[in-house]
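Reader: I'm new to protein models and I'd like to learn how to read one. Could you put it up and walk me through it?

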Amino acid sequence: MVGTADLHSHTTASDGSLAPAALVALAAGRGVGTLAVTDHDTLAGLPAAAEAAGGLGVRLVFGVELSVRIPHGSMHLVGYFDRMAPPAILGWLEELRAGRVTRAEQIVGRLGDLGVGVEMDAVLARADGPVGRPHIADAMVAAGHVGDRQAAFDRYLGDGRPAWVPTQGLGPTESIALVAEAGGVSSLAHPASLRLDGPRLGSAVQRLAARGLGGIEVYRPEHHAERRRAYRRLAERFGLVATGGSDFHHLDGPARPGDTGDPPLPADAIDRLLATRG
Ligand code: AMP
Ligand code: ZN
Ligand code: FE
Ligand code: FE
């Protein structure tokens with residue numbers, strides 16, 4: 001099966017709502033032939049995803065979405081590997097997950113100060129794996145502080161909002177290097193989250209490319225034509241592969257597996273990205 005490609009998706013191993021096998025089945029049913037599972041700071045969903053993919057003729061790409069510490073805005077890198085569980089990064093991922101707990105405690109503290117407190121236990125109970133802001137948002141909904149997850153982000157949790165605490169983790173240079181040492185390659189996820197204007201984004205991407213970044217997400221369902229053109233130009237200027245994906249989290253969300261915008265992500269993007277490894 002060839003089908004379409006989707007190089008960014010989440011499962012219950014992080015903050016998605018479908019178990020890995022269910023995600024792969026949904027993707028396969030939608031004609032996705034190549035799927036990367038990219039849970040936040042964990043590889044725990046990959047074995048079950050690989051098994052399901054094998055049975056359905058889907059090519060599973062072993063991925064992870066890494067939290068990266070930057071002084072302003074937020075940065076995620078999606079790392080891709082051509083085999084399972086590179087042991088070199090397991091200790092690092094464990095630290096990233098511990099940093100997520102600390103950050104969640106800080107966010108919960110701020111919510112308390114803001115009069116919309118939730119119990120940390122209620123947040124952790126919602127997370128099978130690494131805890132994240134979506135779990136906090138759901139706890140806020142359950143406590144009656146907001147009507148839905150999106151309102152929790154818009155009012156409290158989104159980047160720059162009153163209860164926001166920046167992501168902890170290693171910086172970009174170390175993160176890119178660790179992925180490369182483990183035999184993988186990284187792509188810059190949702191470049192807009194860096195919250196930089198055109199020239200500054202250009203300099204930032206140039207620096208990342210010089211440090212070994214392999215790709216940049218161009219194909220995402222929320223990217224309209226102008227944004228795509230801007231990111232594609234950056235890819236061309238700095239020799240990066242244009243990647244992307246649906247960033248599917250849950251069925252109430254805006255995108256389904258395989259939604260990468262129009263035109264869709266080229267099916268050979270992952271092979272071109274993996275081929276950039278030195
Ligand atoms: P975290 O890993 O804790 O920083 O949370 C990141 C996740 O929160 C993303 O993968 C999205 O699912 C969600 N998220 C981040 N910002 C927003 C936003 N402004 N609105 C809705 N969801 C968001
Ligand atoms: Zn997520
Ligand atoms: Fe992300
Ligand atoms: Fe994501």
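Author: The protein chain has 10 helices and seven strands. Helices (H or I, at least four residues) and strands (E, at least two) are DSSP runs, numbered from the N terminus. This is a predicted model, so local features need pLDDT of at least 70 and side-chain atom pairs count only at pLDDT 80 or more, while totals for chains, interfaces and linings use all residues. Residues are numbered from 1 along each chain as its sequence is written, chains are lettered from A and ligands numbered from 1 in the order in which they are written, and side-chain values use heavy atoms, with hydrogens and water left out.

Reader: What does the radius of gyration of the protein chain agree with?

Author: The radius is taken over C-alpha atoms, and the globule rule is 2.2 Å times the number of residues to the power 0.38. For 278 residues, a compact globule would come out near 19 Å; the protein chain has 18 Å, so the two agree. The C-alpha atoms fill a box of roughly 50 × 45 × 40 Å along the principal axes.

Reader: And how many of the residues are buried?

Author: Buried means under 20% relative accessible area, exposed means over 50%, and partly exposed is in between (1.4 Å probe, protein chains only). Here, 54% of the 278 residues are buried.

Reader: Which residues are buried in helix α6?

Author: In α6, residues 149-157, they are A151, A152, F153, Y156 and L157. Those buried residues pack against α3 (90-113) and α5 (133-142).

Reader: What do contacts in the protein chain say about residues apart in sequence?

Author: Contact means heavy atoms within 4.5 Å. Take the contacts between residues at least 6 apart in sequence: 73% of these join residues at least 24 apart.

Reader: Let's zoom in on Y80. Where is its place?

Author: Y80 is part of strand β4, residues 75-81. Y80 counts as buried because its relative accessibility is 0%. Setting aside neighbours within four places in sequence, Y80 has contacts that include L7, A36, V61, F62, G184 and I270.

Reader: Which backbone oxygen lies 2.4 Å from the side chain of Y80?

Author: A polar contact is a pair of N or O atoms within 3.5 Å; within protein, one must be able to donate a hydrogen and the other to accept it, and residues adjacent in sequence count only if both atoms are side-chain atoms. For Y80, a polar side-chain atom is 2.4 Å from the backbone oxygen of L7.

Reader: What is phi for D41?

Author: Near 55°, again positive in a residue other than glycine. D41 lies in the loop between β2 (32-37) and α2 (46-56).
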